[in-house]
Amino acid sequence: MASFSNTTTKLANPLVNLKLVVDKLGVNSSRAQKLPMVITTYEKMRLSDHKLYILINHKENQAVGLIRTGRKHLFLLDRYGRNHEVEPICVLDFYVHESKQRKGLGNLLFKSMMSHQNISKAGFLAIDKPSQLFLNFLRRHHKLSFDIPQVNNYGMGVWKGVIRIFVHF
């Protein structure tokens with residue numbers, strides 16, 4: 001978790017605080033997913049058109065999770081072998097601190113992001129390289145399954161029998 005308590009009183013610039021929080025959450029996310037490099041940083045966010053949602057526990061003065069979204073240009077095959085060129089909103093990073101998981105906070109963050117982006121079903125999102133924990137989360141909370149492999153390392157998933165979600169493995 002990233003704590004604000006040490007930074008808000010000592011640092012006058014709120015952007016410095018935001019940078020510290022985003023960078024710390026990005027490091028934690030990459031560690032939790034066992035990634036070789038940090039994929040969410042303040043600098044990457046500043047230089048992109050991606051959106052970042054940060055879950056804050058105001059009582060404890062801590063940032064406990066994040067979701068980063070952005071559009072990606074994808075070529076995918078459907079279950080009939082037809083090629084589709086799409087540019088969906090993608091979940092590029094999703095993290096909730098380990099001590100705060102299984103308390104509904106991840107689902108709260110995910111649903112808040114969907115609401116803000118006017119997405120009615122998680123199946124309308126693309127998921128970039130989801131961890132097994134994230135796949136389990138999507139199955140449990142959004143009834144998504146992932147069973148249409150792609151030649152380009154992407155996969156299409158199925159929501160209640162309707163092909164809607166694109167997953168990069």
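**Exercises on the pockets and core of a predicted model**

In this predicted model, helix H5 is the element that gives the most to the lining of the largest pocket, with seven residues.

**Exercise 1.** Describe the largest pocket by volume, by the elements around it and by the residues closest to its centre.

*Solution.* 
1. The volume of this pocket is about 560 Å³.
2. At least two lining residues come from each of E6, H4, strand E7 (126-128) and H5.
3. The lining comprises 28 residues, and those closest to the centre of the pocket are Phe94, Gln101, Leu133, Phe134 and Phe137.
4. By class, the lining holds 12 nonpolar, nine polar and seven charged residues.

**Exercise 2.** Determine which residues touch the most other members of the largest nonpolar core, and which elements give two or more residues to this core.

*Solution.* 
1. The core has 20 residues; Ile67, Val91, Phe94, Phe110, Met113, Leu125 and Phe134 touch the most other members.
2. Two or more core residues come from each of strand E2 (51-57), strand E3 (62-71), strand E6 (89-96), helix H4 (105-116) and helix H5 (132-142).

**Exercise 3.** State the volume of the second largest pocket and sort its lining by class.

*Solution.* 
1. The volume is about 190 Å³.
2. The lining consists of Gln33, Leu35, Pro36, Met37, Ile39, Arg68, Leu92, Asp128 and Lys129.
3. Sorting gives five nonpolar residues, one polar residue and three charged residues.

Notes:
Residues numbered from 1 in each chain as written. Predicted model: local features only at pLDDT ≥ 70, side-chain atom pairs only at ≥ 80, totals over all residues. Heavy atoms only, no water. Core = buried A, V, L, I, M, F, W, Y, C linked by side-chain atoms within 4.5 Å. Buried < 20%, exposed > 50% of the residue type's maximum accessible area, 1.4 Å probe, protein only. Helix = DSSP H or I, 4+ residues; strand = E, 2+ residues; numbered from the N terminus. 1 Å grid on protein atoms, 1.4 Å probe; cavity = no way out; pocket = protein on both sides within 12 Å on 5 of 7 lines; lining within 4 Å. Points joined across faces, edges and corners; volume = space filled by probe spheres on them. Nonpolar A, V, L, I, M, F, W, Y, C, P; charged D, E, K, R; others polar.
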